[in-house]
Amino acid sequence: MTTTIDIPGYKAGTWTIDPSHSEVGFSIRHLMISKVKGVFENFDATFVTAENPLESTVTAKAEVASVNTKDKNRDAHLATGDFFLAEEHPHIEFVSTGVRTEGGDFLVDGDLTIKGVTKPVTFDFDFGGFGQDPYGNYKAGATAKAKINREDFGLTYNAALETGGMLLGDEVTITLELQAVLAA
């Protein structure tokens, strides 16, 4: 028995990301007292929405060298082997393996690849809805969030603090602000 759901405004088809209205961001605990945020400036995603929304798929990637944390030295360090090893692993990639609902929430399961390591991850999707822009394009909006342990992906760099604790937390929150356009 296949479960189907009804979403007002939903249309089946292929959707591409609108980069000027989207953001791929992350945050991590820093100095044990605050969080540092960053974004990947260059990214792409394709959503294929099926007649049954629960059979939809997504593929996405972000260019590691486009990381921007508002600190050029930190961004350069993130590209090294201490973190992403951008020269050998230029992209972070996500490929969905399933869509499901749980307690009224949409969850997208998939495989996330960072620094050549692939692990399962679940994004919690909050749909903003659907609408037509002033140029006749049909668009969808959503926010997606997931939490990962960076060390699971080989991002193990850290430093002990004189005051105790570590420079960086292990948990990274990935936040996607998405707007996609339906292909004509």
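About 200 Å³ of space lies in the second largest pocket of this structure, which is a predicted model. The largest pocket, by comparison, has a volume of about 770 Å³. Aromatic rings are the other topic of this briefing, and nine aromatic pairs are counted in the model.

**Second largest pocket**

- The lining of the second largest pocket consists of Glu 23, Gly 25, Phe 26, Ser 27, Lys 37, Gly 38, Val 39, Asn 68, Lys 70, Thr 173, Thr 175 and Glu 177.
- Strands β2 (23-30), β3 and β11 (168-182) are the elements that each contribute two or more residues to this lining, and the largest share, four residues, comes from β2.
- Sorted by class, the residues lining the second largest pocket are two nonpolar, six polar and four charged.

**Largest pocket**

- The largest pocket is lined by 39 residues, and those closest to its centre are Phe 26, Phe 40, Phe 84, Ile 92 and Val 172.
- By class, the lining of the largest pocket comprises 30 nonpolar, four polar and five charged residues.

**Aromatic pairs**

- Among the nine aromatic pairs is the one formed by Phe 40 and Phe 84, which is edge-to-face, with 6.0 Å from centre to centre and 75° between the planes.
- This pair links distant parts of the chain, 44 residues apart, with Phe 40 in strand β3 (residues 34-40) and Phe 84 in the loop between α1 (72-78) and β7 (91-102).
- Both Phe 40 and Phe 84 are buried.
- Phe 106 and Phe 127 also form an edge-to-face pair, with 4.9 Å from centre to centre and 90° between the planes.
- Distant parts of the chain are linked by this pair as well, since Phe 106 lies in strand β8 (residues 105-114) and Phe 127 in strand β9 (residues 117-132), 21 residues apart.
- Phe 106 counts as buried because its relative accessibility is 15%, which falls under the 20% cut-off.

**Aromatic cluster and a charge over a ring**

- Tyr 10, Trp 15, Phe 130 and Tyr 138 are linked into a cluster by ring pairs.
- One member of this cluster, Tyr 138, has Lys 11 lying over the face of its ring, at 3.9 Å from the ring centre.

Note on methods: Residues are numbered from 1 along each chain as its sequence is written. This is a predicted model: local features need pLDDT of at least 70, side-chain atom pairs count only at pLDDT 80 or more; totals for chains, interfaces and linings use all residues. Side-chain values use heavy atoms; hydrogens and water are left out. Rings of Phe, Tyr and Trp (its six-membered ring) pair if their centres lie within 6.5 Å; planes under 30 degrees apart count as stacked, over 60 as edge-to-face and the rest as tilted. Buried means under 20% relative accessible area, exposed over 50%, partly exposed in between (1.4 Å probe, protein chains only). A charge sits over a ring if NZ of Lys or CZ of Arg is within 6 Å of the ring centre and within 35 degrees of the ring normal. On a 1 Å grid over the protein atoms alone, a cavity is a set of points where a 1.4 Å probe fits but cannot get out, and a pocket is an open set with protein on both sides within 12 Å along at least five of seven lines; lining residues have an atom within 4 Å of a point. Grid points are joined across faces, edges and corners, and a volume is the space filled by probe spheres set on the points. Ala, Val, Leu, Ile, Met, Phe, Trp, Tyr, Cys and Pro count as nonpolar, Asp, Glu, Lys and Arg as charged, and the others, Gly among them, as polar.
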